[in-house]
Amino acid sequence: MGPVRLALLLLLLAAAAVVLGPGGGGEAVYIPYNTSAGVVNGKLNVHVVPHTHDDVGWLKTVDQYYVGSNNSIQNACVQNVLDSLVPALLKDENRKFIYVEQAFFQRWWRQQSDMIKDTVKGLVSSGRLEFINGGMCMHDEATVHYIDMIDQTTLGHRFIKEEFGQIPRIGWQIDPFGHSAVQAYLLGAEVGFDALYFFRIDYQDRDTRNGTKELEVVWRGSKTFGSSADIFAGIFPKNYEPPPGEFYFEVDDTSPVVQDDPLLFDYNVEQRVNDFVAAALAQANVTRTNHIMFTMGTDFKYQYAESWFRQMDKLIHYVNKDGRVNALYSTPSIYTDAKFSTNEPWPLKTNDFFPYADNPNAYWTGYFTSRPALKRYVRMMSGYYLAARQLEFFIGRSKSGSTTDSLGDALALAQHHDAVTGTEKQHVANDYAKRLSIGYKKAEELVSTSLGCLSESGSNSRCSSPTTKFVQCPLLNITYCPPSEMNLSQGKSLVVLVYNSLGWKREDVLRIPVMSDSIVVHDSEGREIESQLLPIANASSHLRDRHVKAYLGTSPAASPKFWVAFPASVAPLGFSTYFISIGKRSASISSTSTLNSQGSESRNLQVGQGRLKLQYDAAGALSQYSDSKTQVEANFEQKYKYYLGQDGSGDDPQASGAYIFRPKGVVPIKTDGQVPPTILRGPILDEVHQQINPWIYQITRVYKGKDYVETEFIVGPIPVDDENGKELSTEIITSMATNKTFYTDSSGRDFIKRVRDYRSEWKIEVNQPVAGNYYPINLGIYVEDGSKELSILVDRSVGGSSIKDGQIELMLHRRLLNDDGRGVAEALDEKVCLDDQCEGLVIEGKYYLKIDPQGDGARWRRTFGQELYSPLLLAFAEKVQHKFCCTRDRSNSYSCRIEHAPTCFSRMEATGGIHMFHHSLEWIQLTAFLKMSRCLLLRELEDGSVLLRLAHLYEAGEHKDLSAPASVDLKRVFPDKKIGKIIETSLSANQERAAMEKKRLKWKVAGPPPKENVVRGGPLDPSKLVVELAPMEIRTFVINFDHRLAAH
């Protein structure tokens, strides 16, 4: 080619480049992207759902995540997400976004101007911004109690209703590590949700469902409610992130953007459209109907929202121009309505989705126990919060003083699926505990004021400054209670006020640490009551001394030597008072425990002063349980063992960690040759103290008036000097033939049948025979053999199972040295530091055991289970005793009490509208009902109305007598109040129940209709005010009292 011809060719190419541009597509112009597409019949509709998943604590604390600090750990700032979201949505009226975590949104909302608030309200009302789930957090479903799930959801739902007039329709539990039946029917159907979407199910289950197109189902989570509580459930095919094909569009993401400028290099519209369509067709192959969902987002995305929306605008525009599929901006609500409109019958799912594994050696069952001290703290604060709200109602909510709000907010955060689960970094766990402590201190002030007011006046008038100052002892579990350590000489006495937050009379034994062995206990009538002194064990004293200084910064001023144990009787929603003083005890009433070691006992050691007896063999091991009343006898053993945590050094690098339980072996803990047991005997209880090994101390208690065994354990520090992480379990071994079957609770509510190495809806390949059979336990676990039932109840969330027939095991503590690779990047190695010296965490806890005739165990599990959740609340004050005073009651009989005692029962028939203290026929008539049910919530709201929630405790068919409908007369519950208006609402109190039931979608289920007899309580007649409760039913009411017409 000659020079002239070459020069001419180059000129022509240059001219073409000017016309066509580097991309070869011609002149660049403004492109108005068409994003207005809706659902198109006859096409595959791809619902593009923009979202962010914002953990309210995980690697950073909730506040660090919000403001964007501590980014050396994780680059995340929720404030940026919400700030940038508003202008991005305003750019195009078709753009949509969903938001979940109200703990973050409320932080942001408080900081906005009225103009921004009005703008956001417009986005919400037009459906461009939709609140999904709507709770303060995305709560866990394994280690949470159903009352806490309801409470945190109610906080979020009521805020959304009050600020925006909106009612969330969809559950969005995309990240919890397995899913509970209670979530489906209670926190789904009963709050009015039309659908529930999530991701984490067992990998084998997912593979099976992919093959049968059963990722979307109708979930029937309740045996009792059957089809009346069905909910549509959608399981994401892969995860809650964008589909395969690289569709991540954060500013620093590496996915290829849609480059549609013909003047620029790398023009790729056709390739990006093909990627999108390929992903859509692949997902359609595992999904029924012509609707699929693309979850466009993941953890802490949309920090610059426009970077996502710009690409989604282009994809929707060009995909729809291509025409093979139809893409549209959508939300889960729009998607749900589209699915419902197809009239498709859906496969049925029952029970739950536990346990969860994401590969053969990775069962997420370790977190059922991880951080057991935090789990216990959350459970303690939950029961305390319930009682505090009752007391707040009784004296009237303060607009300027202490409230329960701070504790409620802290508890709401603690239900997050990386909080109570124990799967957060240590500094984040510390932050959750700190928030609970701050909330407790504020609620403690309210409780002390309430008890002081009620004890002094007992009137309905609002009170804020009582003269009696009550204090409480939150560290009583480690034997620390400063008011009980005071000098009781010179006529002083310790007043113990005992409050019962349950709706039935409580009979219990209190244990208070005291300094002297010359202790006398009187009731409020001035009568000396039976008491028993027990020496405080060295293990308890050591725990107390070290941890009080670690927690409070100072050493205890005194060292109590004894526990004083005495029986207490407390009326429903009422209190009793007792007086501890120094004096000469009546030998026939009060006594010091007799002390024996096994060496001085006969070969067959027996403990128990009442109907229940325990037998120990010559080696000091439990051997037999017998109950003279029920005639139940059973041979059984109790042992400890630990699993060695896999360190990830083998062919499969999966280690045991905060999430994962992967044992590489089990080591029995033998007690042979150890210190023989010490036995304390007395008229109220017997105790057996055992030093199992250098880091396990156990106290077994049998009470004269009780029909169960209490076991207290002090465990730790778990030794790791052999460089092996350890996971400690205790096990009860019997000869019961249980046929691989056991039962565990679902979030403290229903009990679900479990069968070892079996899943009812898919065939399991057993790779982890221990970890794969562990389940979460919040209330209890039991086995049965046709003649008797063995039940164990727990004081916090733990993992447990029945690994062999006749056996139950509970995992009590975990200390591990390797991270399990699920993101937290930290070993589960909790330590307590004191004077610059750190050692592994020591935990103290209890579990409770009972053996019943077949069919009778439900009564104890339900009744005592509620008493564990709502323990008697103790408050203390100092009083100077002078003399006794006598008063005459309505029946003209006299009763005498200590003068200046902080209660006078004759003045407290009704306080705050609740028959708290009056031992009348009204409460007797309610007792049968209240033994079958409980008041889950009694709280005064900000506007002066009252939120009341009542629950039936039993499932249908669970008990021959108590699984029956019950009723309660609200006029008797509020005898001194006139109910002006009462509205029954949804579970989360954000809509009228009748309206909710009318509009909730009723889904078709494949197969024949079920044969069921679902019973629900009837509508509330406002003239009669009698609430009917069917088994397992929870009913919620908002009440306004007419103070002008109050009864007198």
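**Reading a predicted model: pocket, sheet and core**

Tutor: This is a predicted model. In its largest pocket, α14 supplies the largest share of the lining, nine residues.

Student: Which elements each supply at least two residues of the lining of the largest pocket?

Tutor: Besides α14 (426-456), they are the helices α12 (372-395) and α15 (538-552) and the strands β38 (831-834) and β40 (843-853). The volume of this pocket is about 1,300 Å³. Its lining comprises 40 residues, of which Tyr377, Ala433, Ser437, Leu475 and Tyr551 are the closest to the centre.

Student: In which sense do β6 and β10 pair, parallel or antiparallel?

Tutor: Strand β6 (residues 216-220) pairs with β10 in the parallel sense, over three bridges. Arg220 has Thr350 of β10 as its bridge partner.

Student: Which residues touch the most other members of the largest nonpolar core?

Tutor: In soluble globular proteins, nonpolar side chains tend to be buried together. The largest core here has 123 residues, and Phe105 and Phe309 touch the most other members. A second, separate core of 86 residues includes Leu187, Leu391, Val495 and Phe974.

Student: What is Phe105 in contact with, leaving aside its neighbours within four places in sequence?

Tutor: Phe105 is in contact with Leu82, Tyr99, Val120, Phe131, Phe159 and Phe164.

Methods: Residues are numbered from 1 along each chain as its sequence is written. This is a predicted model: local features need pLDDT of at least 70, side-chain atom pairs count only at pLDDT 80 or more; totals for chains, interfaces and linings use all residues. Side-chain values use heavy atoms; hydrogens and water are left out. A nonpolar core is a set of buried Ala, Val, Leu, Ile, Met, Phe, Trp, Tyr and Cys residues joined through side-chain atoms within 4.5 Å. Buried means under 20% relative accessible area, exposed over 50%, partly exposed in between (1.4 Å probe, protein chains only). Contact means heavy atoms within 4.5 Å. Two strands pair if DSSP finds at least two bridges between them. Helices (H or I, at least four residues) and strands (E, at least two) are DSSP runs, numbered from the N terminus. On a 1 Å grid over the protein atoms alone, a cavity is a set of points where a 1.4 Å probe fits but cannot get out, and a pocket is an open set with protein on both sides within 12 Å along at least five of seven lines; lining residues have an atom within 4 Å of a point. Grid points are joined across faces, edges and corners, and a volume is the space filled by probe spheres set on the points.
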